[in-house]
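Please keep the sequence and the structure in view while reading.

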Amino acid sequence: MNEEALFAQLRMSRRLTLAALKATPEAIADKQPGAFNNSLRWNFGHIYVSLNGLMYGFAGEEDPSPEGYKEWFDRGTSPEDWGDAEMPSLARLQALLEAQPELIEERFTGRLEERTERPFGLIKTGRPAIIGDLLNFGIYHEGLHLGWIHGLKRALGEKQLYAE
């Protein structure tokens, strides 16, 4: 597995996500137009939480996500369940998303060929997952959610998808 290329791909994907986040006004972060199940804030938080879950969770290490983030942004959650909880600002999510690739690279350099103790449910191989495969899936997953972010912005009438 070409470790350098995979980490470079993560950084490139994250630059696009951050450019989309920087072009997102806080005023529209929680709107859910039409048939959209989630909001812009949820998608940005979900990208962060999901990659942590893939990398740290499957490696059997402590997930560095702040308290409450998994309950708000993990798979199967929805802004409709947030109640009166104070959600992190877009600036806070931006800071976490900016720092994440470097932290993952530091923690998992030299370990991308390691097998995890449990299989990854979405990749139904029946064998333990390989950390590099999980990172690769995480990059793909981020791109999927960037597509949802674009769709949400267009549905909300936003013209600027990315910060200049």
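Is α2 mostly covered or mostly uncovered? Helix α2 is mostly covered, for 17 of its 19 residues are buried, where buried means under 20% relative accessible area, exposed over 50%, and partly exposed in between, with a 1.4 Å probe and protein chains only. The model is predicted: local features need pLDDT of at least 70, side-chain atom pairs count only at pLDDT 80 or more, and totals for chains, interfaces and linings use all residues. Residues are numbered from 1 along each chain as its sequence is written, and side-chain values use heavy atoms, with hydrogens and water left out.

**The chain as a whole**

- The chain has five helices and zero strands; helices (H or I, at least four residues) and strands (E, at least two) are DSSP runs, numbered from the N terminus.
- The order of the elements from the N terminus on is α-α-α-α-α.
- Along its principal axes, the C-alpha trace spans about 45 × 35 × 25 Å.
- Of the 164 residues of the chain, 47% count as buried.
- Among contacts between residues at least 6 apart in sequence, 71% join residues at least 24 apart; a contact means heavy atoms within 4.5 Å.

**Helix α2**

- Helix α2 covers residues 40–58 and reaches 26 Å from its first C-alpha to its last, close to the 27 Å expected at 1.5 Å a residue; the expected span is 1.5 Å times one less than the number of residues.
- Just after α2, G60 takes a positive phi of about 75°.

**Aromatic residues**

- How many aromatic pairs does a search of the whole structure find? The search finds eight; rings of Phe, Tyr and Trp (its six-membered ring) pair if their centres lie within 6.5 Å, and planes under 30 degrees apart count as stacked, over 60 as edge-to-face and the rest as tilted.
- The pair of Y69 and F73 is edge-to-face because the ring centres are 5.7 Å apart and the planes stand at 70°.
- Both Y69 and F73 lie in helix α3 (residues 69–73), four residues apart, about one turn of the helix.
- An α-helix has 3.6 residues a turn, so residues three or four places apart point the same way.
- Y69 counts as buried because its relative accessibility is 4%, and F73 counts as buried at 0%.
- W72 and F73 form an aromatic pair that is edge-to-face, with 6.2 Å centre to centre and 80° between the planes.
- W72 has a relative accessible area of 17%, so W72 is buried.
- One aromatic cluster is formed by Y48, Y69, W72, F73 and W82.

**Nonpolar cores**

- The largest nonpolar core has 23 residues, and those with the most contacts inside it are F44, Y69, F73, L93, L97 and I149; such a core is a set of buried Ala, Val, Leu, Ile, Met, Phe, Trp, Tyr and Cys residues joined through side-chain atoms within 4.5 Å.
- The elements that give two or more residues to this core are α1 (3–22), α2, α3, α4 (90–108) and α5 (131–155).
- Helix α2 gives the most to this core, with six residues.
- Apart from this core lies another, of 12 residues, among them L6, M55, Y56 and I131.
- Not counting residues up to four places away in sequence, F73 touches R41, W42, G45, H46, V49, W82, P88 and L93.

**Two loop residues**

- Leaving aside neighbours within four places in sequence, N37 is in contact with Q32, S78 and P79.
- A129 has its place in the loop between α4 and α5, and A129 is buried because its relative accessible area is 8%.
- The C-alpha atoms of A129 and R115 are separated by 5.5 Å, although the two residues are 14 residues apart along the chain.
- Leaving aside neighbours within four places in sequence, A129 is in contact with E114, R115, T116, R118, P119, F120 and L134.
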